[in-house]
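Here's a quick briefing to read with the model open in your viewer.

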Amino acid sequence: MIRRARKGVLIAMLLLGSSADAHVGTGLAGGFASGFEHPFTGIDHLLAMISVGLWGAFLGRPLIYALPVIFPAVMVGGAVLGMLNVPMPPVEAGIALSVLVLGGCIALSAKAPIWAACLIVATFAVFHGYAHGKELPSAADPIGYSVGFVLATGLLHVFGICVGFLTHRPRGLIATRAIGGVIGGIGAWLLYKAIGD
Amino acid sequence: MRGAALPAALVSTALGLAIAFAPRSAWMSSVVTFAVTATVVAVLPIPRGCLDCVFFGCWVSIVASAATVHLRGGLNAPAAMALSLNSGLWSGAAVALAGSHVDLLKALPCVFALFPTALSVRLRMPMAAKVVSSWLIAMAILAATLQFLPVTPGYMPDHLD
């Protein structure tokens, strides 16, 4: 029995472990785990991602799924611009503004036309992608990092959409608008900080 | 670091999504074709000089497979088979050049993304699969672009520091 259990553990270790694991997510900021973790460690990116999903849920079809498609796609373009060092307006202010505007749209229950919502989200996605493209690590598995990063971004959108479904519940609309207000408030503070710096 | 498990797993996942939109009768043959092709190619002696080309082929395969999810009517059986052959070729080659057979064991089961995707289609929520496919496309485009760009080192302070 013990021999069988040992065999099982050995097989599991062979399947799940690899020599590369020693360098992933430790030391240099690289690897899938590091990329996945990154959006969760910065309040600006975190709130913007959740807001995109939340606003999409607020606006309904087709934006509920169009916004989470547009954001990562355009963010990749922004990341490429960042890696190429293409000059951009102040990125910090752009990111802070994205939190303020998206939070404000939710708080005010703004029913933007499809083209306008897509344009707003795409514009801010460029800033977020640019910032992360600039810091994308080459030293330790940049591919793993970017995959983790895009996946985490997408999952944060999905979380935002799930929060957005609160609007279908009694008093849910007030709750989501209040959440939008808080996000917008934090965005205003981030913008003040970004301009002050 | 450049391992083969991640690209092969992404190729496998993208194929799983694509096959879910093909006729049910093509599922088994597509999965078997993919697994056999990947396994055979993984043991072939592929020249080291092809490394960049093979990785690029993986990213293009992911984009191609994930993009078929957005086709009206999905894939037909011959197209599903061709896509499986192509995916098996590139993922097997990546494993042959930059990974171990354990990487292949990790990657192949990802093709079973087919089942949750097919369930989402049956529940009339194909949009979930289409959103995931767009993330895969974004990841693959970014990874492909990385091959041609000088990227910044990870030890530099980022915009939050």
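Is L97(B) buried or exposed? It's buried, because 22 other C-beta atoms lie within 10 Å and the cut-off for counting as buried is 20 or more. Keep in mind that this is a predicted model.

**Around L97(B)**
- You'll find L97(B) in helix α4 of chain B, which covers residues 77-98.
- Skipping residues up to four places away in sequence, L97(B) touches I46(B), R48(B), C50(B), L51(B) and V54(B).
- I19(B) is another story: 78 residues separate it from L97(B) along the chain, and their C-alpha atoms are 27 Å apart.

**The largest nonpolar core**
- The largest nonpolar core has 113 residues, and the ones touching the most other members are A94(B), L136(B) and M139(B).
- Helix α7 of chain B (residues 126-146) gives the most to this core, putting in 13 residues.
- Once neighbours within four places in sequence are set aside, M139(B) is in contact with S146(A), V147(A) and V150(A), plus L10(B).
- As general background, nonpolar side chains tend to be buried together in soluble globular proteins.

**How α6(B) meets α7(B)**
- Two packed helices are described by the angle between their axes and the distance between the axes.
- For helix α6 (residues 114-122) of chain B and α7(B), the axes come within 6 Å and cross at roughly 135 degrees.
- That angle makes α6(B) oblique to α7(B).
- On the α6(B) side the contact uses T117(B), S120(B) and V121(B), while α7(B) brings P126(B), A128(B) and A129(B).
- By type, the residues of this contact split into four nonpolar, two polar and no charged.

**Chain A overall**
- Chain A has eight helices and zero strands, so its pattern along the sequence reads α-α-α-α-α-α-α-α.
- Of its 197 residues, 50% count as buried.
- Among contacts in chain A with a separation of 6 or more, 84% link residues 24 or more positions apart.

- Helix α7 of chain A (residues 142-164) has 23 residues and reaches 33 Å from first C-alpha to last, close to the 33 Å expected at 1.5 Å a residue.
- α7(A) is mostly covered, with 18 of its 23 residues buried.
- Helix α8 of chain A (residues 172-196) has 25 residues and reaches 36 Å between its first and last C-alpha, close to the expected 36 Å.
- The buried residues in α8(A) include T176(A), I179(A), G180(A) and I183(A), along with G184(A), G187(A), L190(A) and L191(A).
- Those buried residues of α8(A) pack against α3 (43-59), α5 (91-107) and α7 of chain A.

- Most residues other than glycine have a negative phi, and most peptide bonds are trans.
- The peptide bond from R61(A) to P62(A) is cis, with omega near 0 degrees; P62(A) sits in the loop between α3 and α4 (63-83) of chain A.
- N85(A), in the loop between α4 and α5 of chain A, has a positive phi near 60 degrees without being a glycine.
- With 12 other C-beta atoms within 10 Å, N85(A) is exposed.
- S109(A) also isn't a glycine, and its phi is positive at about 55 degrees.
- S109(A) belongs to the loop between α5 and α6 (114-134) of chain A, and it's partly exposed, with 14 other C-beta atoms within 10 Å.

Note on methods. Residues numbered from 1 in each chain as written. Chains lettered and ligands numbered in written order. Predicted model: local features only at pLDDT ≥ 70, side-chain atom pairs only at ≥ 80, totals over all residues. Helix = DSSP H or I, 4+ residues; strand = E, 2+ residues; numbered from the N terminus. Expected span 1.5 Å × (residues − 1). Core = buried A, V, L, I, M, F, W, Y, C linked by C-beta atoms within 7 Å. Contact = placed C-beta atoms within 7 Å. Axes fitted to C-alpha atoms, helices over the stretch in contact; angles between N-to-C directions. Parallel < 35°, antiparallel > 145°, perpendicular 65-115°, else oblique. Nonpolar A, V, L, I, M, F, W, Y, C, P; charged D, E, K, R; others polar.
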